[in-house]
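Have the viewer open as you read.

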Amino acid sequence: MRGATSAKWVAGAVVVAMAATACSTSKDSNAGSAGGNITVVLGEPQHGLIGQNTAESEGAEVLNALFVGLVDYDNKTNEPKLAVAESIETTDSKTWTIKLKDGYTFHNGEKVDAQSFVRAWNWGANQDNAAEGMPFFAKIEGSEELAPGKDKKPTATELKGLKVVDEKTFTVTLKAPFSQFKTMLGYNAFYPLPKAFEADPKKFGEAPIGNGPFQMDGAWEHNKQIKIKRFDKFPAEGRAKLAGVTFKIYDNLDTAYNDLRADTIQIVDKLPISAMATVSQEFGDRYIYKPESGVGYLGLPLETNPEAFGKVEIRKALSMAIDRDALTKTIFNGTRKPADDFINPIIPGYRKGALGEAGTYNPTKAKELYAQAGGIPGNKLELGYNADGGHKEWIEAVANQLKANLGLEVTAKPYAKFGDMLDDLGAAKYKGAFRMAWSMDYPAAENYLRPIFSKVAIENGSNYGHYKNDEFESLMDQADKATDPAEGLKLYQQADDIIIKDLPYIPVFTYMSSSAYSKSVKNVQVDAQGRMDLANVELN
């Protein structure tokens with residue numbers, strides 16, 4: 001989510017919204033050196049807490065504590081590493097054999113077995129369930145029978161490409177070779193689900209039964225908090241140190257930061273802009289500053305408002321009228337970096353300066369290009385953003401730049417919550433440009449392209465601009481089928497070049513992780529997806 005996501009969309013992805021209120025730490029009287037409870041920040045998740053239906057950062061944050069998948073990612077290198085999987089093997093990148101480790105159970109005592117994954121993936125792949133993660137199953141053989149498209153009904157309930165061999169083994173047959181499949185399996189859409197899920201998926205989403213180091217401690221209290229507690233039967237090497245964590249849901253980052261300073265909340269993993277000038281001095285080595293996987297954009301509703309955004313010259317003029325360097329230095333105090341590619345710099349396949357002229361600030365040429373293209377009707381532009389994520393300052397700064405450099409009359413439109421904006425975009429109700437950000441689901445160049453810009457992501461994904469390009473689709477298909485990783489990466493870069501030429505979105509900046517924590521806690525880490533590693537946090 002994170003999400004723009006996962007977690008995709010940073011509100012998820014993404015990089016996205018934040019959380020509210022405060023509560024002090026407390027020691028667990030029976031815990032010895034471990035134990036205790038802390039409070040951390042969160043924004044209200046968009047959907048119920050089901051991995052297959054979570055494509056934004058806030059829900060992904062909670063799921064990361066409640067579930068563990070087949071693979072995880074190294075916090076330093078982003079390389080995939082085995083988690084629940086004992087092995088993931090293939091000889092042709094098309095048929096994969098997955099074997100599971102012993103020792104993992106769901107929080108209700110049910111064993112995590114091969115059927116746990118097959119059950120979850122079949123549900124996520126079925127279009128009747130309208131899961132956000134449905135596109136991730138499109139590569140598996142038989143997916144078109146579960147997701148035949150709009151106005152059609154599924155003709156199957158199970159993916160023919162999934163086969164349970166025994167309790168600990170299942171095979172996955174893809175439609176075509178896909179070398180990135182193992183890397184992909186760390187994303188939350190591939191988390192397992194217990195039998196209990198089938199009785200009432202909606203109810204399950206309010207109090208999910210996971211297989212991770214923490215379990216739910218009561219039901220989700222919407223717009224207030226989500227409480228979790230340590231799962232003592234989790235394998236010893238990954239068992240949580242804390243007794244419990246409260247995700248407090250904030251709609252204002254400044255409030256969360258002030259609570260952090262008062263130690264009524266212990267970790268804030270998205271800092272408000274107002275903190276950036278002084279946070280490093282105030283928190284010292286308790287301030288985390290490192291590259292993160294997020295990319296921040298101005299999204300453009302190409303299909304909903306073609307009169308304004310249908311011409312690539314208009315889109316390019318908007319991009320060239322934005323002073324990215326000034327934004328990242330003056331608004332974000334260096335906690336963002338100017339974007340120069342659609343692929344994030346920490347991902348293999350990123351190319352420095354790939355945006356070229358479109359990413360270079362040139363107000364004179366931007367104004368000429370804008371005028372030659374006939375401008376936006378009425379010369380008025382609205383910029384939508386979610387007010388719960390600390391975006392007001394930079395959106396207003398962009399509005400002022402576009403006004404000064406293109407003569408546009410620009411209005412900033414705040415949405416109270418990120419989920420509200422995503423709902424309007426998903427329903428094609430909003431016609432203005434919009435703030436958006438994307439955080440990787442898994443560390444691959446492909447993940448910065450298909451989930452945001454492919455045709456399949458229009459109905460079941462995050463293509464909120466409804467962008468379509470057949471050449472892009474063809475290159476992505478070729479890249480997927482490449483058995484040589486180097487060849488595949490070149491093809492993904494060629495697909496990236498198509499996106500750069502068309503500019504369906506305007507990349508503005510890439511994210512740096514800017515988090516802080518109180519003196520009450522130690523061993524705090526935030527991964528490249530912006531998720532807290534809560535299982536390893538301890539009280540001082």
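First, the crossing of helix α17 and helix α18 is left-handed, a label for a near helix turned anticlockwise from the far one by less than a right angle (clockwise would be right-handed). Keep in mind that this is a predicted model, where local features need pLDDT of at least 70, side-chain atom pairs count only at pLDDT 80 or more, and totals for chains, interfaces and linings use all residues. Residues are numbered from 1 along each chain as its sequence is written, and side-chain values use heavy atoms, with hydrogens and water left out.

**Two helix pairs**

Two packed helices are described by the angle between their axes and the distance between the axes. For α17 (residues 470–481) and α18 (residues 485–502), the axes come within 8 Å and cross at roughly 165°. That makes α17 roughly antiparallel to α18. On the scale used here, angles under 35 degrees are roughly parallel, over 145 roughly antiparallel, 65 to 115 roughly perpendicular, and the rest oblique. The axes themselves are lines fitted to C-alpha atoms, for helices over the stretch in contact, with angles running from 0 to 180 degrees between N-to-C directions. Helices (H or I, at least four residues) and strands (E, at least two) are DSSP runs, numbered from the N terminus.

Which residues of α17 and α18 make the contact? On the α17 side they are E471, F472, L475, M476, Q478, A479 and D480, and on the α18 side G488, L491, Y492, Q494, A495, I498 and I499. Contact here means heavy atoms within 4.5 Å. Sorted by class, that is nine nonpolar, three polar and two charged residues. Ala, Val, Leu, Ile, Met, Phe, Trp, Tyr, Cys and Pro go down as nonpolar, Asp, Glu, Lys and Arg as charged, and the others, Gly among them, as polar.

Now look at α10 (residues 312–320) and α12 (residues 363–372): their axes come within 8 Å and cross at roughly 160°. So α10 is roughly antiparallel to α12, and α10 passes α12 in a left-handed crossing. E313, I314, K316, A317 and M320 of α10 meet P363, K365, A366, L369 and Y370 of α12. By class, this contact has seven nonpolar, no polar and three charged residues.

**Aromatic rings**

A search of the whole structure turns up 27 aromatic pairs. Rings of Phe, Tyr and Trp (its six-membered ring) pair if their centres lie within 6.5 Å; planes under 30 degrees apart are stacked, over 60 edge-to-face, and the rest tilted. Here are two of the pairs:

| Pair | Arrangement | Centre to centre | Between planes |
|---|---|---|---|
| W121 and F190 | edge-to-face | 5.2 Å | 80° |
| Y287 and Y289 | stacked | 6.2 Å | 25° |

As for Y287 and Y289, are they buried or partly exposed? Y287 counts as buried at 15% relative accessibility, while Y289, at 37%, counts as partly exposed.

**Around L162**

L162 lies in strand β6 (residues 162–166) and is buried, with a relative accessible area of 7%. Leaving aside neighbours within four places in sequence, L162 is in contact with V118, W121, N122, I140, T171 and V172. L162 and V118 are 44 residues apart in sequence but 6.6 Å apart in space, C-alpha to C-alpha.

**An enclosed helix**

Ten of the ten residues of helix α1 (residues 57–66) are buried, so α1 is largely enclosed by the rest of the structure. Those buried residues pack against β1 (37–42), β8, β9 and β10 (244–249).

**Positive phi spots**

N223 has a positive phi of about 60° although it is not a glycine. N223 is in the loop between β8 (214–216) and β9 (225–230) and, at 43% relative accessibility, counts as partly exposed. D263 also has a positive phi, near 60°, and is a residue other than glycine. D263 is found in the loop between α7 and β11 (267–268), and it counts as partly exposed at 26% relative accessibility.

Technical notes:
Buried < 20%, exposed > 50% of the residue type's maximum accessible area, 1.4 Å probe, protein only.
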